[in-house]
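Take each one in turn.

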Amino acid sequence: MTKKEIIELIIEESANSDVDTEFLLTMANIESGFNPNAKNPSGAAGLYQFMPSTAKAYGLRNPYNPTDAIRAVIKLTKANAIALQRAGLEPSGANLYLAHQQGAGGVIILYSSILEGRPLSRIIRRNIDANGGKGLSAKEFVDKWKTKYLNKVIEVRELLAELDIFLA
């Protein structure tokens, strides 16, 4: 499938959900550059770079099937939004992306560290380090990814304009 076909598929699938289309497009751009065959040495695979355990938890048998991956990420995003809201965190696009990357529990721990000065566990520290945050505090890491997320939103908007695709 071409990048344009992947984008159109994401738009089509998101129309059947209450998950923001621009969020799903931005996340696919960050995770795989819209490549449904993307692989990562960590074991993450497909359009949304699902780890095998997360894929299984959300019924995704083949992470390289873009339709199935989109449907699974919609389910995951809804679950993450609920978890963030229960913890008193805004389920913004950037926070939902961080929840995809770190797990909802990981994001809650990151914010607890920022707000309450709680130390980070070894697992969270390892996850931060693996995602470009080596040596960063929890606040610096969250700020870095919020900025990156917003830059990717702009990139997606520019790409949509180039492809003459307009979101409703």
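A crossing is left-handed if the near helix is turned anticlockwise from the far one by less than a right angle, and right-handed if clockwise. This is a predicted model, where local features need pLDDT of at least 70, side-chain atom pairs count only at pLDDT 80 or more, and totals for chains, interfaces and linings use all residues. Residues are numbered from 1 along each chain as its sequence is written, and side-chain values use heavy atoms, without hydrogens and water.

Q: Why is helix 1 called oblique to helix 4?
A: The axes, lines fitted to C-alpha atoms over the stretch in contact, cross at roughly 45° and come within 10 Å. Under 35 degrees is roughly parallel, over 145 roughly antiparallel, 65 to 115 roughly perpendicular, and the rest oblique. So helix 1 is oblique to helix 4.

Q: Which handedness does the crossing of helix 1 and helix 4 have?
A: Helix 1 passes helix 4 in a right-handed crossing.

Q: Which residues of helix 1 and helix 4 meet?
A: Contact means heavy atoms within 4.5 Å. Ile-6, Leu-9, Ile-10, Glu-13 and Ser-14 in helix 1 meet Pro-66, Thr-67, Ile-70, Arg-71 and Ile-74 in helix 4.

Q: How much of the protein chain is buried?
A: Buried means under 20% relative accessible area, with a 1.4 Å probe and protein chains only. Buried residues make up 46% of the 168 residues.

Key
Axes fitted to C-alpha atoms, helices over the stretch in contact; angles between N-to-C directions. Helix = DSSP H or I, 4+ residues; strand = E, 2+ residues; numbered from the N terminus. Buried < 20%, exposed > 50% of the residue type's maximum accessible area, 1.4 Å probe, protein only.
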